[in-house]
Amino acid sequence: MGKRLTYCFFLFISVFFVAELLFRLLVFVKTPDGLLFNHDLVYSFAPHSIVYNQKLNNIGALGNDALPWVTQEGPLRVFLFGGSTSFSKHYMDSVEKYLQVYFDTPCTVISFGKPRYTSHQAKILAEQTFAQYQPDVAVLYLGINDTIYDTFSWLESIPNVGYLNWKSAWPPLLFQGIEYHVVQKRIRSTPSFPEGELRSEKILRDNVETIIDLAKAHNVQLVLSEFALGHPGKDPKLDSIIQEQEPIMRHFWGNLDSTVRAIKAHNGVLTQLASEYQLEYAPVGKMLPKTGEYFRDICHLTTSGNGILGKTIAKAVIQSIEKNNSPAGNLTTDLTGKP
């Protein structure tokens, strides 16, 4: 009996070890090259890496290299913050193009947005970048990823649920994978958000107010933005794509009704903050038709969509600069470059 128990024990250990090794290998293969795990940001990208076919700069963001602030002279500096919808060269280039045409001066636009980033990461990045690089303007285009605080109701600040680090020694990665995919996603998550004010509203408000305070402290003009959804719309093809993706994304953004409700609430928070603190507010949702020409899914944009997003954000940046009487270039032209 003792030998049989010993045999079963070592068999279990061997099977578990092999399963752990195989699962760790799977996570390693699925982890993008250049991804760095970070406690406060959850993850970042390595400087000068290529991630999702995007070439990153010296601080692991999209755009030209970021240089420490040493003088007020130089190109207009605009930092973009958000989630995967901001991890777009088309969006960044569109903002840069319209600003350079308008001001007739060099302009540096850098996007710090990354997939799954929330207002928490935007706050941390503002803390890390405003003092060192002192951009002229910072833009927040975010909202949808903050629904993670409603779907995973136990999260308070760092949205670290679902991130598996193949390098971590303990606890076993296999246990972490089972906890996330079985317990957290399928049992504990609440994709149908409860009635009343959402948890995410206060979290978003607190994080954005911290960014507002940081912007004031470092003389950075802050622009807030409406977050655009492609649903509900009147494009059957786009609506079909969104409906098909709901089972995949509902554990993060909630089901479609919850997502729409949350974005409406989040946009309400951002509108209120823009009014309270007298900040420019970009009406992106009103400028983007809810069709497949502009949306690839519920929130990610096509090249045409990113063009409209960039132009709308650029216009809000220009209005912010003019309102605050910033000496940034030639203020006698409009977005088309005409006098």
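Q: Let's start with F227: is F227 buried or exposed?
A: F227 is buried, because its relative accessible area is 3%; buried means under 20% with a 1.4 Å probe, protein chains only. Keep in mind that this is a predicted model, where local features need pLDDT of at least 70, side-chain atom pairs count only at pLDDT 80 or more, and totals for chains, interfaces and linings use all residues. Residues are numbered from 1 along each chain as its sequence is written, and side-chain values use heavy atoms, leaving out hydrogens and water.

Q: And Y141, buried or exposed?
A: Y141 is buried, with a relative accessible area of 0%.

Q: How are the rings of Y141 and F227 arranged?
A: Their centres are 4.8 Å apart and their planes at 25 degrees, so the pair is stacked. Phe, Tyr and Trp rings (for Trp, the six-membered one) pair if their centres lie within 6.5 Å; planes under 30 degrees apart are stacked, over 60 edge-to-face, the rest tilted.

Q: Which parts of the chain does that pair link?
A: Distant ones: Y141 is in strand 7 and F227 in the loop between strand 8 and helix 7, 86 residues apart. Helices (H or I, at least four residues) and strands (E, at least two) are DSSP runs, numbered from the N terminus.

Q: How many aromatic pairs does the structure hold?
A: There are 15 aromatic pairs. One of them is the tilted pair of Y91 and Y141, at 6.4 Å centre to centre with 55 degrees between the planes.

Q: Which residues form an aromatic cluster?
A: Y43, F45, Y52, F87, Y117 and Y163 form one.

Key: Buried < 20%, exposed > 50% of the residue type's maximum accessible area, 1.4 Å probe, protein only.
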